[in-house]
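Good morning, colleagues. Please turn to the next structure, which I will show now.

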Amino acid sequence: MTTAQFYCQYCTASLLGKKYVLKDDSTYCVTCYDRVFSNYCEECKKPIESDSKDLCYKDRHWHEGCFKCTKCNHSLVEKPFAAKDERLLCTECYSNECSSKCFHCKRTIMPGSRKMEFKGNYWHETCFVCENCRQPIGTKPLISKESGNFCVPCFEKEFAHYCNFCKKVITSGGITFCDQLWHKECFLCSGCRKDLCEEQFMSRDDYPFCVDCYNHLYANKCVACSKPISGLTGAKFICFQDSQWHSECFNCGKCSVSLVGKGFLTQNKEIFCQKCGSGMDSDI
């Protein structure tokens, strides 16, 4: 560049013996450079002139002295910081304002550190441990109780109930029958293996049976209709000696009048009202 060409590219003033700024192979006097090219500070809104340090973050600019935490006003120059809602915060202020608190130790979970989330709460990774063995659970399967979270081996050792049928652990739900526990899917009729979870059932020797199997295998039969007497849903039946009748079947064998609550006579396992049975040889 010759002496004749040594002038400001904006105002054309000579730069001989003066301070200047070189930008993109062009020269500018300091005044023009600051007016044309200077960025404006986010904090004080003044231009960041060529003799000042320009600190930039996400296309935003600050004077070195203006680059501070918006909450505690401490300088952020050459220090870690975080941004929230366009505000710059030092790590301590950001943690106090924005970071989660550990459910166990109640301390702040610092930005950048690993945190564990479970049921809407947060833990430090080192605080999220099994209540029994105190080992970190991490992302392994767990079972939660009111007393805390447990790894599966500790839960099975300390608390688990076992299904009376398959002998495997019942982790949730289940059915209790005769002081024993079953998985819902294991609670089946001991005769036909029908699912009894939502069905009426009967018991025999501490084994569950559906109504059909129980009636077929064990129920007494009505002398009159030969159908099973199950006793379900409050059904009434009549017993006399070694015989049983449905309440609605306990009728005179001749005139069919109901004999429930009335005197009756028997002959060859048949029953008769006193009127129809008079004159017959009675068994009683």
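I will speak about the confidence of this model and then about its salt bridges.

Please bear in mind that this is a predicted model. The mean pLDDT of the protein chain is 83, and 94% of its residues reach 70 or more. Among the elements of the chain, strand β4, residues 60–63, has the highest mean pLDDT, at 90. The lowest mean, 76, belongs to helix α2, residues 91–98.

I turn now to the charged pairs. The structure holds 6 salt bridges, and I shall discuss some of them.

Let me begin with R60 and E42, which form a salt bridge whose closest N and O atoms are 3.7 Å apart. R60 lies in strand β4, and E42 in the loop between α1 and β3, so this pair ties together parts that are 18 residues apart in sequence. Is R60 buried or exposed? With a relative accessibility of 17%, R60 counts as buried, because the cut-off is under 20%. E42, by contrast, is partly exposed, at 30%.

The next pair is E64 with K53, where the closest N and O atoms are 4.0 Å apart. E64 sits in the loop between β4 and β5, and K53 in the loop between α1 and β3, so that distant parts of the chain, 11 residues apart, are linked. E64 is partly exposed, with a relative accessible area of 35%.

Finally, E131 and R134 meet in a salt bridge at 3.4 Å, N to O. Both residues are partly exposed: E131 at 36% and R134 at 40%. Elsewhere, salt bridges with shared partners join E42, R60 and E86 into one network.

Key: Residues are numbered from 1 along each chain as its sequence is written. This is a predicted model: local features need pLDDT of at least 70, side-chain atom pairs count only at pLDDT 80 or more; totals for chains, interfaces and linings use all residues. Side-chain values use heavy atoms; hydrogens and water are left out. pLDDT is the predictor's confidence in each residue, from 0 to 100. Helices (H or I, at least four residues) and strands (E, at least two) are DSSP runs, numbered from the N terminus. A salt bridge is a side-chain nitrogen of Lys or Arg within 4 Å of a carboxyl oxygen of Asp or Glu. Buried means under 20% relative accessible area, exposed over 50%, partly exposed in between (1.4 Å probe, protein chains only).
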